[in-house]
Amino acid sequence: MNGYSARVRVEQSGAAAGQETMATCVFVVEDNADLNRDLCEYLEMCGFDVVGCDTGAAFHRALKTKSPAAVILDIMLPDADGYELAKYARANLDCGIMMLTSLAGMDHHLTGYKSGADVYLTKDSPLSVIEAALRPLLRRVGRSENEAEAELEALARDDRWTLDMLNWTLSNSDGNSSTLTATERTIVRLLVEANGAWLTRPEIVMALGKADTAENCRNLDTAIRRVRQKVLREVGEELPIRTAYGRGYAFTSSAVIVGVPESA
């Protein structure tokens, strides 16, 4: 994932309407390709400008072109010590520092904080928890009051979604809708019917009537990524399908399914 980068366009009112606003930049320094990809894609969908680095050298190269507001650091990298990278970031960068590692012992926690980490999480943390820890960290290191107010306003909204099985549409609480493909409709239905529970990739793949193979699981990831992008583009709101490394997917907002035949 070295060099992975994303950028979003934010719609504004008034004189700034139509102008592109750069999202908050976050570096993800992680050598596990699957976790790096999942975390980068998840944070991108949450509105961040994400740079994925798989080595310490890639991290230093990325610093030549971007200045992160926060860095998420693995400790055991193939060419670097995450503790040393944290010390470097604390001494040379104006950014928040999150350690994300498989090292769960108290001694490792203490070493991480002494190295300059603001937050120390283990890799079994759901992606939603990582994001939740990242946002207040960014506020502490200089996010604007307007951004914080916008976040609170979004949390206060009614996030109920409606999946119309008859018309093949998914709508948010404002009535904005996106037309789904047959596969997308089935995936969203499975996740909504799980009532917030996590479904593994193999569970979803087999529910789609396909074999549990690595290729089909990758195709599922691609399908979910595409429907997230479609809904964000057409509805103007992030689709609340969350990814957790090693756990799968979950639909995390309230939702109702309509237009289902009685025999279904």
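Modeller: In this predicted model, Ile72 lies opposite Met98 of S5. Strand S4 (residues 70-73) and S5 run parallel and are joined by 4 bridges.

Biologist: What makes S5 and strand S6 (residues 119-122) a pair?

Modeller: Pairing requires at least two bridges between the strands. S5 and S6 have 4 bridges, in the parallel sense. Thr101 has Thr122 in S6 as its bridge partner.

Biologist: Why is strand S5 (residues 96-101) said to be largely enclosed by the rest of the structure?

Modeller: A residue counts as buried under 20% relative accessible area. In S5, 6 of the 6 residues are buried, so the strand is described as largely enclosed. Gly96, Met98 and Leu100 are buried on one side, and Ile97, Met99 and Thr101 are buried on the other. In a regular strand, side chains alternate between the two faces of the sheet.

Biologist: Why are H3 and H4 called roughly parallel to each other?

Modeller: Helix H3 (residues 82-92) and helix H4 (residues 106-115) pack at an angle of about 25°, their axes 8 Å apart. Angles under 35 degrees count as roughly parallel, and the two helices are therefore given that description. Their contact is formed by Tyr83, Ala86, Lys87 and Arg90 of H3 with His108, Thr111, Gly112 and Ser115 of H4. By class, this contact comprises 2 nonpolar, 4 polar and 2 charged residues.

Technical notes:
Residues numbered from 1 in each chain as written. Predicted model: local features only at pLDDT ≥ 70, side-chain atom pairs only at ≥ 80, totals over all residues. Heavy atoms only, no water. Axes fitted to C-alpha atoms, helices over the stretch in contact; angles between N-to-C directions. Parallel < 35°, antiparallel > 145°, perpendicular 65-115°, else oblique. Contact = heavy atoms within 4.5 Å. Nonpolar A, V, L, I, M, F, W, Y, C, P; charged D, E, K, R; others polar. Buried < 20%, exposed > 50% of the residue type's maximum accessible area, 1.4 Å probe, protein only.
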